[in-house]
Amino acid sequence: MENVLFYIFAALTLLFAFLCVANPFSRNPVTSAMFLVLTMISMAGLFVLLQAFFLAAVQILVYAGAVMVLFLFVIMLLDIKEEERRRFSRFSIALGGVSVIGLGFILFKTIRESKAGEGLKLVAVKGSDTAALGKALFTQYLLPFEIVSVLLLVAMVGVILLSKKDLK
Amino acid sequence: MIVKRANLTLWERLFLPTLLGGLQVTGKHFIRTVFGGKAVTMQYPEQKWVVPEGYRGAPYLVRDQAGDTKCVSCQLCEFVCPPKAIKIIPPGDSSLKADRANAEKTPKEFEINMLRCIFCGFCQEVCPEEAIFLQRDYSLTGETRDEMIYNKEKLLALGGTHAGVQKWKQKLEEAKGQETFPVKD
Amino acid sequence: MEAIKQFFSGLSWEQEFVIFTTLKVCIVLFGAVLPIVAYAVLVERKVSAWIQDRVGPNRATPFFVKYLPVVGPILVRLGIFHPLADGLKSFLKEDFTPAHVRKVYFWIAPAIAVVPAMLALAVIPFGSKLGDQKMVIADLNVGILFTFGIISLGVYGLVLAGYASNSKFSFLGGIRSSAQMISYEIAMGMSVIPIFMLVGDLNLSKVIAYQADGAWLVFKQPIAFVIFLVAAFAETNRLPFDLPEAETELVGGYHTEYSSMKFALFFIGEYTAMIAASAMMVVLFFGGWTLPFAGLNESATTFAMGLAHIGIFVSKMLFLMVVFIWVRWMLPRFRYDQLMDLGWRRFVPLALVNIVLTAVVLWALHPK
Ligand code: SF4
Ligand code: SF4
């Protein structure tokens, strides 16, 4: 049962993600955004299968419910028309390539090093229990957590700076 | 003009006075309507509104005191009607005679589409013969669209007699008074 | 009776779960939510009429009324049959799709507006127990987060409707709703954090149990309640925050171009969201299905008690819905900048202060 559901959700996630970035039927940015929402929701389904209810709920709450609404808001406010197929500069291709390789490497390494099944159990215990999740974040993973927070803070300050009309 | 707004006090900025005031007003009306039976609603089909004098409802054709059709098919109203609700078929070559002595023409057919009419009163305003008047009917109903196109007969029947001036009769008398301008009777 | 008992005792745990959950979903949806929606519309019309010195709907007279001697005419005057007529009417109306809309989104937007509101009801415990069945459709241990997550999806219905309609009024309505919902979601989410700091659990049944033991949370957390209440008005697009619809400026806002059953779906969505918001408030602040006397604080042991608990819950909820309705006819609409100002500059900081305050008090009471 759970296996079947896993394959269904995984397939849906991949399908929606594909339709989000390379939809052959429509190049409408709103459609892409909606498929991204569906991707998020199917991913939340995967979290549920891992018994990580908290993560699933947060995934929907934050990504599908808030971040994507902001995306839509911006798309609609700026009135972005059909995205035309444009040429990419060499620099962006190179940058994209590097990040893909980096991500792929990390993914490959993690899968190789984790013994099958064990990783899942770890999440299962931590994810379902909010308190345990909080403890893990604030003890074991404190440094990455803080770095991410600082990153967000920097982004926020940057936005405020940019959106101020005249810099004195 | 710039209106200076007084700064709100802290108490006012808490929205509480507004809330309480709103509650008081709505509550008073609620109680008055429910328990006092003070509703102002008119139960329409049973109770009818008394139309005041000079109300501009649906436009109808009128007859003069002698019972003759006043309209002379000049088509001014057709021309002026903003939503093009009026359709007039002039007598043309047909031997249709006006029922009045001193009118040349009378419309062969005169239709007002009451679904289009906006009760603007332009037709009444423009009519040189005072033949069309906005009258008291304000609620016209029908089950088909065709039914809502009123023809000449219906308009005349609904319009009745208008006890206003009989323009041409008056002119005739005036003319008769002026010896210099002989008119046939 | 014996046969039925036999049948149920022969079921495995999973089968029983599936059967009872389906049963609960059907009963809650068709037996409670849709009728409440229909009659909330009636109450809305009647209350507005009474507040405005009118009589309100009092005409619909089905054929069987003439067999009811005294009650019949009274029911007709109260407009009891109007929701039936309204429902029928919305099915019979012409379903008109304007020529310039984006068809796909135009079709799915009403559905997206309804579904989340209904899903959100799934985690709400609307009673203690009937037999050995817990009166909640899904007793999740992250109940509140689930509700917030699902409710936050409801905004897509409105945004897409505004986008799909391809008209300026709808578009402005859609834009407004997206900004408004996001802003108030934050205030709403932060307002309930102190509650879970007190209760120590995200499960809604635990929240009720906590309140059954002590005072209702509305007394312990009045600030949280006020923020939640106001945010609920904004989230459900009710006056004074109905800027996405704003009849007087945007015609009908996001549903300007909709007609017939599609329009009715938006309506159902709005009122279901209202039900969900009221139910959430009952659970979080008004002790859910409990009453602090006559032993009604305990989980039900008999069938009658179970029914009484459901009755208590529903009456609390209906009371809050009347508050929703009354406020609509009491206050004028806020301006958009006032709305944003209230959300971001007043309620978010207030909610943060409330969290810190609660933490300090908790720490002072139970230092570890
Ligand atoms: S009242 Fe106005 S709209 Fe109606 S028939 Fe006369 S001119 Fe036309
Ligand atoms: S109703 Fe008056 S304006 Fe119209 S055609 Fe007749 S005479 Fe002319």
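A: This is a predicted model. Start with the domains: the assignment for chain C gives domain 1 (23-92) and domain 2 (93-365).

Q: How far apart do the C-alpha centres of domain 1 of chain C and domain 2 of chain C lie?
A: The C-alpha centres of these two domains of chain C lie 24 Å apart. As for contact, 20 residues of domain 1 of chain C meet 25 residues of domain 2 of chain C.

Q: What area is buried between domain 1 of chain C and domain 2 of chain C?
A: The size of an interface is often given as the accessible area lost when the parts come together. Between domain 1 and domain 2 of chain C, the buried area is about 2000 Å², and carbon and sulfur atoms give 78% of that. On the side of domain 1 of chain C, the residues losing the most area to domain 2 of chain C are C:Lys24, C:Ile36 and C:Glu44, which together make up 30% of what that side buries.

Q: How many salt bridges are there between domain 1 of chain C and domain 2 of chain C?
A: The count between these two domains of chain C is 2 salt bridges. C:Glu44 forms a salt bridge with C:Arg328, and the closest N and O atoms of that pair are 3.5 Å apart. Across the interface of domain 1 and domain 2 of chain C, 5 residue pairs are in polar contact, both residues being at pLDDT 80 or more.

Q: Which helices of chain C each supply at least two residues of the side of domain 1 of chain C that touches domain 2 of chain C?
A: They are helix H2 (13-51) and helix H4 (82-92) of chain C. H2(C) gives the largest share of that side, with 15 residues. By residue class, the side of domain 1 of chain C that touches domain 2 of chain C divides into 14 nonpolar, 3 polar and 3 charged.

Q: Now single residues. Is C:His255 buried or exposed?
A: C:His255 counts as buried because its relative accessibility is 11%, and the cut-off for buried is under 20%. C:His255 is found in the loop between helix H11 (247-250) and helix H12 (260-285) of chain C. Leaving aside neighbours within four places in sequence, C:His255 is in contact with C:Glu245, C:Phe263 and C:Phe266.

Q: Is C:Phe319 buried or exposed?
A: C:Phe319 is exposed because its relative accessible area is 57%, and exposed means over 50%. C:Phe319 is found in helix H13 (residues 303-328) of chain C. C:Phe319 and C:Ser278 are 41 residues apart in sequence, and their C-alpha atoms are 8.7 Å apart in space.

Q: Turning to the chains, which pair that touches has the most contacts?
A: Among the 2 pairs of chains that touch, the most contacts are between chains A and C. Chain A and chain B do not touch, and their nearest C-alpha atoms are 27 Å apart.

Q: What area do chain B and chain C bury between them?
A: Chain B and chain C bury about 1400 Å² between them, with 65% of it on carbon and sulfur atoms. The contact takes 18 residues from chain B and 14 residues from chain C.

Q: How many salt bridges are counted between chain B and chain C?
A: The count between chain B and chain C is 2 salt bridges. The side chains of C:Arg59 and B:Glu46 meet in a salt bridge at 3.1 Å, N to O. Across this interface of chain B and chain C, 9 residue pairs are in polar contact, both residues being at pLDDT 80 or more. The side of chain B that touches chain C divides into 9 nonpolar, 7 polar and 2 charged residues.

Note on methods. Residues are numbered from 1 along each chain as its sequence is written. Chains are lettered from A and ligands numbered from 1 in the order in which they are written. This is a predicted model: local features need pLDDT of at least 70, side-chain atom pairs count only at pLDDT 80 or more; totals for chains, interfaces and linings use all residues. Side-chain values use heavy atoms; hydrogens and water are left out. Domain bounds come from an automatic or database domain assignment. Contact means heavy atoms within 4.5 Å. Buried area is the accessible area (1.4 Å probe) that two parts lose on being put together, summed over both. A salt bridge is a side-chain nitrogen of Lys or Arg within 4 Å of a carboxyl oxygen of Asp or Glu. A polar contact is a pair of N or O atoms within 3.5 Å; within protein, one must be able to donate a hydrogen and the other to accept it, and residues adjacent in sequence count only if both atoms are side-chain atoms. Helices (H or I, at least four residues) and strands (E, at least two) are DSSP runs, numbered from the N terminus. Ala, Val, Leu, Ile, Met, Phe, Trp, Tyr, Cys and Pro count as nonpolar, Asp, Glu, Lys and Arg as charged, and the others, Gly among them, as polar. Buried means under 20% relative accessible area, exposed over 50%, partly exposed in between (1.4 Å probe, protein chains only).
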